[in-house]
Amino acid sequence: MHDAQHPFHTLTPNFIMDAVESQGYRCDCRTSALNSYENRVYQVGIEEEKPLIAKFYRPGRWSDEQIIEEHRFCLELAEHELSVVPPIVNASGASLFHYHGFRFALYPRQGGHAPEFDNDDNLLILGRMLGRIHSIGAVRPFEHRPTLDSRDFGHDSVALIRERFIPQEYRESYEAVTSQLLQVVDDAFASVPQVHYIRAHGDCHAGNILWRDDAPHFVDFDDARMAPAVQDLWMMLSGDRPRQLAQLAQLIKGYEEFCDFNPAELRLVEALRALRMLHYSAWLARRWDDPAFPTAFPWFNTVRYWGEHILQLREQVAALDEPPLVLL
């Protein structure tokens with residue numbers, strides 16, 4: 001009964017094909033779900049044509065204006081011959097479609113694999129690509145999409161967990177560590193004068209970059225928002241400090257061929273990582289009524305999870321106390 005109450009329950013194969021066919025395509029009855037939790041994404045076979053990717057948006061998350069703004073950003077990047085996967089635009093110029101209460105978009109299928117962030121040549125290419133994306137992203141701001149800040153990702157996330165999810169035995173520890181962490185994060189942002197916010201991908205991890213034919217293809221701009229440029233760079237860094245410095249040097253070398261980078265933003269790397277940690281827990285909490293989430297993330301909201309989460313937050317406080325990365 002709980003499953004039937006969730007809107008995504010109605011996305012049966014027949015419903016999905018009917019929605020796609022409402023845009024003039026003829027499906028060949030082959031549909032397969034792809035790995036997606038925030039929205040629902042399917043590969044749909046099309047008669048005598050390549051399959052399409054159909055993305056059904058989670059009701060209530062974004063407004064039509066916000067989704068269309070994301071689409072237009074992707075299309076703008078594609079017009080500049082950047083390797084992104086933009087939505088398909090129909091003959092009427094629309095990219096966001098409505099079908100029986102759902103909003104959806106269609107995309108060409110793009111194959112590929114995750115990039116190797118330990119490969120210096122790959123990092124140079126990724127840096128160039130991001131430099132080109134950000135040079136266009138800096139031309140104008142988003143009008144409808146939000147800004148990545150500590151209020152939304154940090155303070156609001158902590159308030160939700162504190163009020164509805166944290167077990168009583170961990171409440172005092174959670175309140176203490178998050179209070180300290182948010183103060184350090186706010187101080188980090190305050191320490192970088194005149195942070196330049198641009199239209200950014202916003203969720204630039206390996207799963208949203210498909211590597212094929214020696215080139216990266218950036219997909220899933222669903223989290224695009226106004227953010228510092230470094231937001232699209234820091235998730236490509238891994239390993240110990242020397243390795244991160246080497247990776248960063250390659251990324252920025254390629255990046256600055258097309259766009260200037262403010263090295264002061266490197267003071268935000270660990271602050272942004274902290275906000276992502278807080279936001280991720282709150283994201284799981286906000287989606288816990290979606291039956292897909294308890295199935296996919298059974299470890300969430302257990303006593304063990306919250307104990308480990310608090311330990312990770314304490315370690316992140318310590319990381320924020322370390323000297324920031326610098327350009328070599």
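Predicted model: local features only at pLDDT ≥ 70, side-chain atom pairs only at ≥ 80, totals over all residues.

Trainee: What makes a space a pocket rather than a cavity?

Mentor: Both are sets of points on a 1 Å grid over the protein atoms alone. In a cavity a 1.4 Å probe fits but cannot get out; a pocket is an open set with protein on both sides within 12 Å along at least five of seven lines. Lining residues have an atom within 4 Å of a point.

Trainee: What is the volume of the largest pocket?

Mentor: About 1,500 Å³. Grid points are joined across faces, edges and corners, and the volume is the space filled by probe spheres set on them. The lining has 46 residues, and Asp-203, His-205, Asn-208, Asp-220 and Asp-223 are the closest to the centre.

Trainee: Which helix gives the most to that lining?

Mentor: α7, with seven residues. Helices (H or I, at least four residues) and strands (E, at least two) are DSSP runs, numbered from the N terminus. α7 spans 269–286.

Trainee: How many residues of the largest pocket's lining fall in each class?

Mentor: There are 21 nonpolar, 11 polar and 14 charged. Ala, Val, Leu, Ile, Met, Phe, Trp, Tyr, Cys and Pro count as nonpolar; Asp, Glu, Lys and Arg as charged; the others, Gly among them, as polar.

Trainee: What about the second largest pocket?

Mentor: Its volume is about 400 Å³. Of its 16 lining residues, those nearest the centre include Glu-270 and Pro-324. α7 gives the most here too, with three residues.

Trainee: Why is β5 called largely enclosed?

Mentor: Six of its seven residues are buried, so the rest of the structure largely encloses β5. Buried means under 20% relative accessible area, exposed over 50%, partly exposed in between (1.4 Å probe, protein chains only).

Trainee: What makes β3 and β5 a pair?

Mentor: Two strands pair if DSSP finds at least two bridges between them. β3 and β5 have five, in the antiparallel sense. Lys-55 is bridged to Ala-105 of β5.

Trainee: And how many bridges join β4 to β5?

Mentor: Three, with the strands antiparallel. Tyr-99 has Phe-102 as its bridge partner. The two strands form a hairpin with two residues between them, and His-100 in the turn has a positive phi of about 45°.

Terms used: Residues numbered from 1 in each chain as written. Heavy atoms only, no water.
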